[in-house]
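Here are my notes from going through this one. Have it open while you read.

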Amino acid sequence: MILLSIGLVVALMLLGNANPVILWINWGVSGLLATGIWHIVARFRLDGGSSLRAYAISWPLLSLTSNFTYCYFPQNDLFYKSIGQQLALLAVITLVMSLWQRRIAILKHLLIGLVIGVTSALLPHVILWLLLFPLACYHMRSWSSRNMFSVITGVVLGIWFVYCGLFFIKDLPTANSLIQQFSVILAPDDYHFIRQGMGLWQCLFLAFIALLLLIYSASSLAFNAGQSVRAGASITLITTLSLAMVLLLLLDLQHLTTYIGILSLFLSLQLTIHQTNLRSALNEWWTIFIILIGTALCILPLVL
């Protein structure tokens, strides 16, 4: 599967006119994200002892998604913004899942807020992740007013650090523009770029990712995966966040290209968890088939 993802990058280089440096960066970052998924699955015992499957599933899936988005979707946001958002989200998920039954964990909640704050300086809509924090605390049984205050403090500090950096490196107007961008986080009328750039293949790929995510989310809620109460709560948390991100995407279509990476990240997590817990040859071939379909969707627009 990993060799297949390398072959896909080479094919996109030969058949298309995409920047090969960006294609390989997307492939390399996908490997880094796959390592993070492996860490989550192994550390929080979501795998039943088969966490290395995360590489075979997540690496090719994340790579084909990021490169398809770069090659075929209108670039309303630069590709590195999507990369930064996925890395930040993986860090937040790791920190949140380490808070099991900890009603007082000021430092970790402050770190969560810092990650969200710094990332929102690059992509203001990331500030909406705060709306999902009560859900995360509910599943991790870690809700308290002190923890919530620590997260909000971290967000403010993160934005303040970036503001000060822009002030000293650039100038005051540039620093002020950082604050002004939060005045328009959602712009429901600014979707014209989607109508211009969305064709048959883009719609098929988006439907492919979204449908799979919904199916696997429903499957996670249907059967009780996980070998402990904590593992079960962690899997439910991932499922809940997956569905919540779909809702945020519907409210924030202007940042469609960055949300596709997030949906792919959650899908990779769910596919890995399903495969490592089911240990079924049929499910393994089905997972391979999913990756092959995604790879075909990347190649067919160039061939046809």
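1. Ground rules. This is a predicted model, where local features need pLDDT of at least 70 and side-chain atom pairs count only at pLDDT 80 or more, while totals for chains, interfaces and linings use all residues. Numbering runs from 1 along each chain as its sequence is written, and side-chain values use heavy atoms, with hydrogens and water left out.

2. H11 against H12. Helix H11 (residues 229–251) packs on H12 at about 160 degrees, with the axes 10 Å apart. So H11 is roughly antiparallel to H12 (that label is for angles over 145 degrees). Residues on the H11 side include Ile-235, Met-245 and Leu-249, and H12 brings, among others, Tyr-259, Phe-266 and Ile-273; contact here means heavy atoms within 4.5 Å. By class, the H11–H12 contact has 14 nonpolar, three polar and no charged residues. The crossing of H11 and H12 is left-handed, meaning the near helix is turned anticlockwise from the far one by less than a right angle.

3. H2 against H12. The axes of H2 (residues 20–43) and H12 (residues 256–278) come within 11 Å and cross at roughly 45 degrees, so H2 is oblique to H12. Ile-37, Ile-40 and Val-41 of H2 touch Leu-265, Ser-268, Leu-269 and Thr-272 of H12. That contact holds five nonpolar, two polar and no charged residues. The crossing of H2 and H12 is right-handed.

4. Two positive phi values. Most residues other than glycine have a negative phi, which is the reason to look here. Gln-101 has phi near 60 degrees and sits in the loop between helix H4 (79–97) and helix H5 (106–122). Arg-141, also not a glycine, has a positive phi of about 55 degrees; its place is the loop between helix H6 (133–140) and helix H7 (145–169). Buried or exposed? Gln-101 is partly exposed at 48% relative accessible area, and Arg-141 is partly exposed at 42% (buried is under 20%, exposed over 50%, partly exposed in between, with a 1.4 Å probe and protein chains only).

5. Ile-6. This residue lies in helix H1 (residues 2–15) and counts as partly exposed at 27% relative accessibility. What does Ile-6 touch, not counting residues up to four places away in sequence? Trp-24 and Trp-27. Ile-6 and Trp-27 are 21 residues apart in sequence, yet 7.8 Å apart in space, C-alpha to C-alpha.

Conventions
Axes are lines fitted to C-alpha atoms, for helices over the stretch in contact, and angles run from 0 to 180 degrees between N-to-C directions. Helices (H or I, at least four residues) and strands (E, at least two) are DSSP runs, numbered from the N terminus. Angles under 35 degrees count as roughly parallel, over 145 as roughly antiparallel, 65 to 115 as roughly perpendicular and the rest as oblique. Ala, Val, Leu, Ile, Met, Phe, Trp, Tyr, Cys and Pro count as nonpolar, Asp, Glu, Lys and Arg as charged, and the others, Gly among them, as polar.
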